Amino acid sequence: MTNSKKPVIDYANCMACGICSGDCPLSCIVLRKTDIDSYHKAYPVLDDYYLCNGCTRCAKACPMEAIKMM
Amino acid sequence: MKVQIYPPPFANLNALDEDGMLILEPGARLSSVYRRLKIPLVLQPLVICHVNYQRVKLNTQLKDGDVISFILPLAGG
Amino acid sequence: MNFLRGYCGKILMVNLSDSTFEEIEIPDTIYEHFLSGVGLGAYILYKYVPKGADPLGPDNILGFVSGLLTGTGSFMTGRWMAVCKSPLTGGFGDANCGGTFSPAIKQCGYDGIFFKGQAQTPVMLFIDNKGPQLLDATALWGLDTVATEAAINQMITAKKKLAIATIGPAGEHQSLIAGISNDGGRMAARSGVGTVMGSKKLKAVVLAGSKMIHCENPETIRTISRDYAKKVKSSNLPPMVTGAILPLMGKSMIATDKAIPIDGMLSTAIMKKWGTGFTNTMGMTMGDTPVKNWKGSVVDFPYLKYRHMNPDLIQKHETQKYHCYSCVIGCGGLCDIKNVTNGRFPHTHKPEYETVAAFGSLLLNKDRDSIFLINELLNRGGMDSISAGNTIAFAMECYEKGWLNQEVTSGLDLTWGNAEAIMTLVEQMIAGTGFGAILQNGVKKASEILGIESAPLAIHAGGQEPGMHDPRLDPILGIHYSCDPTPGRHTIGAGSYYAYMRIWEDVTWAPKVKLGEDKSEEYEATNQVGLKSMVNACIKQILDGSGGCFFAMVSGLNHFKIFDYLNAATGWQKTPNEYMTIGLRMQTLRQAFNVREGINPRNFKMNERLSGHPPLKEGPLKGKSFDMDEMMGVHYQFMGWDKKTGIPTKTALEDLGFCDLEMEDVTHD
């Protein structure tokens, strides 16, 4: 059953480590937002809103608890 | 009180014991660490100092067990 | 079998000769003895590769192994390794790599994927949640690594983004210094792992699984991760600190012979800003960076030349950071190089220090733009930059001596610093053409072709060219160059790494580095040196069994709590001392593999130039030398191996215990 909630990333806590992107079974999260910090680290973005089926793996995998399903 | 120091190479190390600990008066501030290590004034802008891995002001009051680290690079791959 | 312990509990063995697959369950006890990663790889190789196997024949096994901690929610554990019998050294071979490939292995349900046999025509392995398939890769054969990944993405559609490990032309025509590329140029470069992959006609491994990775105590792991991340996040250099100060920092590092306690955590600030490139110029004044085939110094490559390698100038090309899976530091970068390559290549992975030094100071080449091009050529060609640079340096010194002329070098003028010639030579080496055909197999083979008089100029240990860090500055580095079963490696251990790790806070028998200790004592083969080098060797195995990053280790084990991570992932309750015994076992197994293959460990001794024989006459390392034979002996002694021969003793083998492995072939007293 498709869950309508989608991941929302709290960039204040996100470390741009890539775990969410690497763990997403559908690769809907992509590391490409480079305007968050002065290092131009590539932060995650939900790249395909409709492809995401709300499985919550990203939120559960994030060690920083920087992803909430909303 | 005792604080752990990771000093810069040009500091005066005589104030530290062999484990790199420095004895300070209770309530001493970070500036007193700079004085005890005799870090030359001209080099101070080059030195990056953290207390418990946070940048703090020179007048920050220290407590027993604090870790004061001066940045040092290391060889990479 | 408990599948909640961080590891998957099984490997995939692919037989390329008959295109069959076998899932092999690995009992818990194997992980408790050898961890995963390189330990599991060494176990499988020792068990299944017959003694005397031709490294380029069907009996050799090539493994892709993930780490025990990979994918468990730990930070800095996104490394994977390729393992095989090395065609370069004839012994155990491995290569460590980051990128995005490591978790993908476990997400397919395996701790490792191994290949035996040889395919008749080029193939690639594809695994998704439905299982493994071998697909025809004939159309990909001949493509560089970047083009290969692009082509595979056109050929295969999967729900998950493909994680791809591939060889380039160098591996296809079996240059002995070929590596395996992941994610557009992250390289598993050493030991000739790409050569073995090419010999099996295996073009690529393509992974698209999405199985979950479980562990015993995920909350504990997350707590450790958050503590580490908090410290890294607050470690930042102020904007006013520029690359201009790095040479001064290098001088200050050698201003005193006394040991000073070092907090590795703040070095993450440097890594975040520049990556490994900070050593480009700091290493010059320290003496860490080799110059002119290891016979020169900063006098030969002074500020007016090395300033072109200022990492700020490299950073100018960086468009965004790059980091491996689960990394919170992010030392890598993607660089725009359209303008410096006349539009030939749009971008490249930021050149690592190793590449900048191997093609910069080592060859007296100050042309920074040429290094960007060479970096991308080697990444696409799938060739080890450390080996390639060392081999060209050897050729240049032979050319300087008049032993080579332009007739032999296909018209190339190999004068020191000739960037045009270097770039052309790199292309020839990757293609295996022209003079490159002689150099493409590394410096030892090149020296054998050119004749015995050239041997003293061939800088290697057991056939493996050394990394860009000078043992005359840090002799324990030299011990590991000469004594590791995979010789010539700069990431195994050094006096400086030992100091940064602060391992004595966890391992009760590890000697403490005291303030004011005399660093010059590390030039003598003392018990302290033997013990430190033994600690280095063991902890590196634990790191490589876990999927851990070297930069996390040297940020301090008081921060990167690898022992706590391992206990939380597995549910084991081992002490750090007990883990070190596991590390010792892993290293002894790798050594045993070599001894079983008939290798005399003493023959891996690195070229004597690197121990200061003769000593340098100028520069920061002027006059420095040490006795490499003695240093090797004291290391062997503390490893529990015979001091004279380096062969594991019968007592060591019995005490450690190797599960079901037959250790009788390892000659011992």
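Chain C of this predicted model contains an open sheet of six strands, arranged in the order β8-β7-β12-β9-β10-β11 with mixed pairing. The sheet ends at β8 (131-136) on one edge and at β11 (186-188) on the other, each of these strands of chain C pairing on one side only. On average, and with direction ignored, neighbouring strands of the sheet are turned by 20° against each other.

Within this sheet, the pairing of β9 with β10 can be followed residue by residue. Strand β9 (residues 163-166) of chain C and strand β10 (residues 180-182) of chain C run antiparallel and are joined by two bridges. In this part of the sheet, A165(C) stands opposite N182(C), a residue of β10(C).

Helix α4 (residues 145-155) of chain C lies across β9, β10 and β12 (202-207) of chain C. The direction of α4(C) is at about 140° to that of β9(C).

The largest nonpolar core comprises 265 residues. The members that touch the most other members are A42(C), A82(C), F114(C), V206(C) and A395(C). When neighbours within four places in sequence are left aside, V206(C) is in contact with M124(C), L125(C), F126(C), I152(C), I156(C), L162(C) and I164(C).

The contact between chain C and chain A takes 22 residues from chain C and 17 residues from chain A. On the side of chain C that touches chain A, α7 (218-234) and β13 (318-322) each supply at least two residues. Helix α7(C) gives the most to this side, with five residues. By class, this side of chain C divides into six nonpolar, eight polar and eight charged residues.

The contact between chains B and C takes 22 residues from chain B and 41 residues from chain C. Here the side of chain B that touches chain C has 14 nonpolar, six polar and two charged residues.

The predictor's own scores complete the account. Chain C averages a pLDDT of 96, and 99% of its residues score at least 70. For the complex, the predictor gives an ipTM of 0.96 and a pTM of 0.96.

How values were computed
Residues numbered from 1 in each chain as written. Chains lettered and ligands numbered in written order. Predicted model: local features only at pLDDT ≥ 70, side-chain atom pairs only at ≥ 80, totals over all residues. Pairing = 2+ DSSP bridges. Helix = DSSP H or I, 4+ residues; strand = E, 2+ residues; numbered from the N terminus. Axes fitted to C-alpha atoms, helices over the stretch in contact; angles between N-to-C directions. Contact = placed C-beta atoms within 7 Å. pLDDT = per-residue confidence, 0-100. Nonpolar A, V, L, I, M, F, W, Y, C, P; charged D, E, K, R; others polar. Core = buried A, V, L, I, M, F, W, Y, C linked by C-beta atoms within 7 Å. Buried ≥ 20, exposed ≤ 12 C-beta atoms within 10 Å, placed from the backbone.
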